[in-house]
Amino acid sequence: MAIMLGFLFAFTFVVQQIHAECQFNSGLYLYNKAVLDCLQNVTLQPNEATVTVTELKKYFSSYAFRDVNLNLPGPPIGYGGQSVHIFDRLDEIAESATNLFDFYQDITELVGSLHCAHTVYQSACFQNMVMYTPYTFRFEIDPSTGRHRAIGSTGVWSAPDTTFGYRIINSTVLYINDLGLPIYNLDGKLNENSYTPEEAIVKWANQYESISRNPYAREEFARSYSYFIRPLYTYPIPKTFNQTFLYIDRVTGQAVEAQVPYMFRAMTNIPSVMSQCPIDPFYLPEQGKEQNSIRNTSRYEEVKKIMDSRPKDKKERTKYFLKVLKDLERKMHERIRDILVPFWREQKESLKKIGEKAVIKSTKKFDPVYKQALITPGKHISDPIIEKKKNAPSNIDDFIIAYMSDDQSLLAFYIPSQSLGIIRIPTFSPNDYEQFQWDFYQIVRIFADKNSRFYAKKLLLDLRYNGGGYARLPPIVFQFLFPQADSPIWPPMDVVQAPINSLRYAINDYYIKEEGTEDSEIQVDEKTGELITDYFQQEGYQRTTSIHLSGKEDTDNITVNLTKRAVFYAGHADKLREYSLDWQYFRSVHWQRKDVFALANGYCISACAVFAKAISAKKVGRTIALGNFGGVHNKARFNFGTAGGSSVVDNEYIEYLRDYWNYDESAFDGMAVDGTEFPDPFFRTNTLVTYVQMELYGQTPKTSQYHNEFYIYDADFHINWAEQYLDVIYEDEVLANSIYRRVIQELNQKLGIFQSNANRNSQGKGNDDTDAEIGCAAGEVFISTTGSLEDCKSLEDKDLHAVYGYKCSIEDDTARNIDTGEIETGEFIKQTSGCIFSHCQAGYNRENGKCVAAQLFYGEEESQVRPPYLEPTIPDPDPIDPTPDPTDKEPQPEPETPAKEEKSSNSGWIAVTIVFIVIAVILVIALVSVILYNIFSKRRLEAKNKEDLQRHSEELDEQRLAIAKERQRSKVEVNTNEDEDEKQRKEKKKSKGKHAIEDA
């Protein structure tokens, strides 16, 4: 009690000080009315609310989903949600503003209610103020119900029981009331806002946690961090001063109701609230706009130094300024990472400790462009991390840390007994993205090489707590890891045509034209794959979102102008492809769908979500969700990826551009930049706003018209996992191993796919248990790892680039268990009747039932997309039935073992091919000889016939002549005979006359 009184006395003294100046000494205090009154007594300056809202509208006019939030897509596409007209709500906040604290807290709450991880508003006025709960919880899963029961635990305050006189530590907490009301009302029923601890956290997270639209992700982040630690620049201050706990005393076994106050902490000495967020000089009357061409004077010297260091040569100046702008983007990535993953430095430090035990350390392909940031854990969470480290054992059997990158952006683990390779990807924001690609290539090689000690028959991709990063990396990594996936791999996109967006794209278009595309993210045409050099100038289209709310006469409408749809692309800068060109397994399929597992807990944001959702959409692996599946979410769907939009922009980046413009407009010559489109600074310095600039769409025919941000990609399997306080921050191999073992256990129960090596050997199967695998998820296909299946060979021959295998007994890949929401499971049909199309060879897509060559995009080469060594041998032409094969199905991509297994087998095929070619050549020569012989024989025969015909004609002429002579001779003889006859007749007549005379 004496300690308690002493604490209260110290706090009362501070309160007496803050009534005059609202100042806080660095330290931890009880939160009460005195603190709140102090904060609310700070007044707004004239026009402060109007100026702030006006500038916010300029930024949010470029926000990709400003109109969509008016009527969010609901089931079966998305989660739906409360309608928010951002501009109208900002006007209401400005009109009702009475003090500085409530005004900025209302804006914070409004932006947080969008549940868009990328869209954040932070007021610098409260950057050093944090609210805490004095207790945290350790959660245990009730084996009979699956619900998560809470055990009281310490948080930032090491001994709250001693201070408050309770025994909550290590006692079961039954209920919490966040409004400080009694747990039960006078009727003996649960009072308003009385919930179990897990329900209370879910309710709070659904209202205030902005990290995701996925309720599981919001809860996981809240129960491991934000419910207990609430910075006031991100979360609203509690509505009451106390919580009410009902717990079972660990000593007496009695139910005890306790009033537990919230805690307020000043992270540093705060002489006044105004000292944390001074008025920008642009709005100070004594200085005025004319004297502030560079309006944030704190940046003047920095801008001057950079601009005065430019080379004199015009071309070199252009390159120099491009480097300056890229450095601005890098710093912006770091700021956004600080917002999305405020604990990333602490997480990186814990991963570094794991990496010290790695068998293989990263080999430098390139020197990092930027030095690694100094890692200093934040004061408000460093102590609990230190305590947690003390309890971590150091040695684990059957768990090897195989590889670690220098910047802790990639780790590889290996479980020998399961031949399981694990790639831990905590971020897509490495120190250097080329080095990241090199490290990823090295990890895949040690897992895919059958001669490696880490050869992995199955692969697990761990995406937990990945806050995203460079938008180019996920498609590059995905395309390398899953070459059999149908294109497009790069997502379609568009951008809102608004002034701030036009500034950025005008600069981007200019540098693409002047300096090329070598290290740029570009836009290419969806149909042709060709580069678009003036993307923002292309004719686009309009989109109108409407909603009619009850109680309103009129329908709310928001119309935005969009650029034309294009493909977000950086494949021309694909270093992974470049590094692996000489690898003997280049573009080969290493793991099929049934052997790939992707693990996420909902906190897979931005670029990570693009990667995770591609795995689900392209069906190249099984997706596994970690979360509270004990029933508190009432069977809500688990979206395997958070915030699938990309390309985030913040106001500080735009303000730097404006300051460079004001210092020297000539630096922007040729860029079509209109200086009048730059926004003015915010009324308070160090105000930070981030928003999604580019909206991405799905990469399949089914999803191509839907925003990736809102479309739900359901996880295949759910694991009921109890996330603990600070799990989001601290990692070690013990926790990692326990999670992976749990995944193995759960999948074994559902599918029976994992066996120990000892068990396999005892069954006489050695280490190759592939053919023994029976269990399958709906829609999967089993591909033989030793080549084409005999039963399916005839089907494969009909389409040389198609890969066939055995189907799962449940073919509908959308089939889900009604009770659990998980994908249905069955068994592979390893019979001829089970033969079914699985996927196309790398570089080919399934279209109209056949595999056709995929479209080449900007910078791609035929040999790199469709390597010649993977091309099948073309058989003798046979008549093919044009009727599509009845077993053909829509693409269900599954990894296939590389066709190029060994050099000896290649040599054999080459020899056979050569023999076949030689025989074919001989046959062709023989055929040609026969044809020529026939031609010459025919000609000789024709000549002989002609000669015979001529001779025969001459003989006929001779015969005709002889006949004619004979006839002539015969005619003379006839004439002679006729004369003699006539003479004889005359003589007879004369004789008769003579006799007649004589007679007379």
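**Group meeting: a walk through the predicted model**

How many of the residues of H18 are buried? The count is 11 of 11, so the helix is mostly covered, given that buried here means under 20% relative accessible area. The buried residues include Lys613 and Ser616, along with Phe611, Val610 and Ile615. Just past the end of H18, Lys619 has a positive phi of about 55 degrees.

Now the overall figures. The protein has 24 helices and 33 strands. It has 1000 residues, and 54% of them count as buried. Take the contacts with a separation of 6 or more: 76% of these are between residues 24 or more positions apart.

A search of the whole structure gives 10 cavities of 30 Å³ or more. The largest cavity holds about 360 Å³ of space. Its lining is made of 30 residues, and those nearest the centre are Gln479, Ile489, Arg587, Glu860 and Val865. Two or more lining residues come from each of H15, helix H17 (575-580), strand S32 (844-847) and helix H23 (862-865). Which element gives the largest share of that lining? By class, the lining has 16 nonpolar, nine polar and five charged residues.

The peptide bond between Ser487 and Pro488 is cis, with omega at about 5 degrees. As background, most peptide bonds are trans, and most residues other than glycine have a negative phi.

There is another cis bond, joining Pro75 and Pro76, with omega about 0 degrees. Pro76 sits in the loop between helices H3 and H4. Ile77 is in that loop too, between H3 (48-60) and H4 (86-96). Is Ile77 buried or exposed? Ile77 counts as buried because its relative accessibility is 17%, and the limit is 20%. What does Ile77 touch beyond its neighbours within four places in sequence? Its contacts are Tyr706, Phe710, Tyr711 and Ile712. Ile77 and Tyr706 are 629 residues apart in sequence, yet their C-alpha atoms are 8.3 Å apart.

Next, two residues with a positive phi. Asn47, which is not a glycine, has a phi of about 70 degrees. It is in the loop between helix H2 (33-40) and H3. Asn47 is exposed, at 56% relative accessible area. Leu726 also has a positive phi, near 70 degrees, and is likewise a residue other than glycine. Leu726 lies in the loop between strand S26 (717-720) and helix H20 (733-751). In contrast to Asn47, which is exposed, Leu726 is buried, with a relative accessible area of 2%.

The loop between helix H19 (651-663) and S25 (688-696) holds Asp664. This aspartate is buried, at 16% relative accessible area. Its side chain makes a polar contact with the side chain of Ser666, at 2.4 Å. Setting aside residues up to four places away in sequence, Asp664 touches Met307, Arg310 and Arg317.

Asp797 is in helix H22, residues 793-798. It is partly exposed, with a relative accessible area of 39%.

Last, a sheet. Three strands form an open sheet in the order S28-S29-S31, with antiparallel pairing. Which strands are at the edges? They are S28 (781-782) and S31 (835-840), each of which pairs on one side only. Strand S29, residues 802-807, pairs with S31 in the antiparallel sense over five bridges. In that pairing, Val803 stands opposite His839 of S31.

That is the tour.

Definitions and conventions: Residues are numbered from 1 along each chain as its sequence is written. This is a predicted model: local features need pLDDT of at least 70, side-chain atom pairs count only at pLDDT 80 or more; totals for chains, interfaces and linings use all residues. Side-chain values use heavy atoms; hydrogens and water are left out. Helices (H or I, at least four residues) and strands (E, at least two) are DSSP runs, numbered from the N terminus. Buried means under 20% relative accessible area, exposed over 50%, partly exposed in between (1.4 Å probe, protein chains only). A polar contact is a pair of N or O atoms within 3.5 Å; within protein, one must be able to donate a hydrogen and the other to accept it, and residues adjacent in sequence count only if both atoms are side-chain atoms. Contact means heavy atoms within 4.5 Å. On a 1 Å grid over the protein atoms alone, a cavity is a set of points where a 1.4 Å probe fits but cannot get out, and a pocket is an open set with protein on both sides within 12 Å along at least five of seven lines; lining residues have an atom within 4 Å of a point. Grid points are joined across faces, edges and corners, and a volume is the space filled by probe spheres set on the points. Ala, Val, Leu, Ile, Met, Phe, Trp, Tyr, Cys and Pro count as nonpolar, Asp, Glu, Lys and Arg as charged, and the others, Gly among them, as polar. Two strands pair if DSSP finds at least two bridges between them.
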